Amino acid sequence: MLNMIEQLKHIRIVPVVVLHDPVNAKPLAKALCNGGLPCAEITFRTEAAVESIQIISREFPEMLVGAGTVLTPAQADQAMKAGAKFIVSPGLNPVMVKHCIKKKYPVIPGINNPTGIETALSMGLTLLKFFPAEASGGLEMIKALSAPYPQIQFMPTGGINLENLHTYLAFDRVTACGGSWMVKDELVKAGNFKEIQQLTAEAVRTVRT
């Protein structure tokens, strides 16, 4: 878990990807890597997730590949068996999270309130997804939650884009941001991996500056 957190601190952006066809997994991963961002969170919103994770982890072993929208212990097992290096969930399901902890899967559950934070702390977790970020009060809410919980680090996701990315990352309690603007569904479906690479490179430049 600590190693994964250190990688996220270095990368700073986690592209949140929905893949409907595994054939797009390899060119998508290549576009992200060429754009300077060797990371992807492949969501379990489609049946293509498991095979896509397998392809990316096999073809691009240097990538930090995670599984997102993981809702059940069975999905967590599928994801890790396929080659995922971490698990992300939109909420904090104690059954799923405890399963991941028992299996030693790095897991980042989603929260947007103090109760979720305290539940996570009771399980020994200190890196949490803040979701949906903008709809839940954005950076101001993260700052408010940070005051009573100084041990918590956040990965805000939901409504993050190139315009507000730098404001989130400037706050020292934000480890990384999840976002999908550089891997929009329509770009992936159209096979427009050149634009995905360009948008990724632009995001990486924003982080570096």
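Buried means under 20% relative accessible area, exposed over 50%, and partly exposed in between. The model described here is predicted. Q7 sits in helix α1. Q7 is 168 residues from T175 in sequence. In space, the C-alpha atoms of Q7 and T175 are 9.7 Å apart.

Two packed helices are described by the angle between their axes and the distance between the axes. Helix α2 spans residues 25–34, and helix α3 spans residues 49–59. Their axes are 9 Å apart and form an angle of about 50°. That angle makes α2 oblique to α3. The crossing of α2 past α3 is right-handed. On the α2 side, A25, K26 and A29 make the contact. On the α3 side, the contact residues are S52, I55, I56 and E59. Four residues of this contact between α2 and α3 are nonpolar, one is polar and two are charged.

Helix α2 also packs with helix α10, which covers residues 193–208. Here the angle is about 30°, and the axes are 8 Å apart. Angles under 35 degrees count as roughly parallel, so α2 is roughly parallel to α10. The crossing of α2 and α10 is right-handed. Helix α2 contributes P27, L28, A31, L32 and N34 to the contact. Helix α10 contributes F193, I196, Q197 and T200. The contact of α2 with α10 holds six nonpolar residues, three polar residues and no charged ones.

Helix α4 is formed by residues 73–82. Its axis comes within 8 Å of the α5 axis, and the two cross at roughly 40°. The helices α4 and α5 are therefore oblique to each other. Helix α4 passes α5 in a right-handed crossing. P73, A76 and D77 of α4 meet V95, M96, H99, C100 and K103 of α5. By class, the residues of the contact of α4 with α5 are five nonpolar, one polar and two charged.

The cysteines were examined next. A disulfide is a covalent bond between the sulfur atoms of two cysteines. The cut-off applied is a pair of cysteine sulfur atoms within 2.5 Å. By this rule the model has zero disulfides. For C100, the closest cysteine sulfur is that of C39, at 17 Å, which is too far for a bond. C100 has 0% relative accessibility and so counts as buried. For C177, the closest cysteine sulfur is again in C39. The distance is 12 Å, so C177 too is out of bonding range of C39. C177 is buried, with a relative accessible area of 0%.

C177 is also one of the contacts of I160. I160 lies in the loop between β8 (153–156) and α8 (165–169). I160 is buried, because its relative accessible area of 6% is under 20%. Neighbours within four places in sequence aside, I160 is in contact with A133, L165, Y168, C177, G178 and W181. I160 and V95 are 65 residues apart in sequence. Their C-alpha atoms are 29 Å apart in space.

Backbone geometry was considered last. Most residues other than glycine have a negative phi, and most peptide bonds are trans. R12 is not a glycine, yet its phi is positive, at about 75°. R12 lies in the loop between α1 (2–11) and β1 (13–17). R12 is buried, because its relative accessible area of 18% is under 20%. K104 is likewise not a glycine and has a positive phi, of about 65°. K104 belongs to the loop between α5 (94–103) and β5 (107–108). K104 is exposed, because its relative accessible area of 71% is over 50%. The peptide bond from F131 to P132 is cis, with omega near -10°. P132 is found in the loop between β7 (127–130) and α7 (138–146).

Definitions and conventions
Residues are numbered from 1 along each chain as its sequence is written. This is a predicted model: local features need pLDDT of at least 70, side-chain atom pairs count only at pLDDT 80 or more; totals for chains, interfaces and linings use all residues. Side-chain values use heavy atoms; hydrogens and water are left out. Buried means under 20% relative accessible area, exposed over 50%, partly exposed in between (1.4 Å probe, protein chains only). Axes are lines fitted to C-alpha atoms, for helices over the stretch in contact, and angles run from 0 to 180 degrees between N-to-C directions. Helices (H or I, at least four residues) and strands (E, at least two) are DSSP runs, numbered from the N terminus. Angles under 35 degrees count as roughly parallel, over 145 as roughly antiparallel, 65 to 115 as roughly perpendicular and the rest as oblique. A crossing is left-handed if the near helix is turned anticlockwise from the far one by less than a right angle, and right-handed if clockwise. Contact means heavy atoms within 4.5 Å. Ala, Val, Leu, Ile, Met, Phe, Trp, Tyr, Cys and Pro count as nonpolar, Asp, Glu, Lys and Arg as charged, and the others, Gly among them, as polar.
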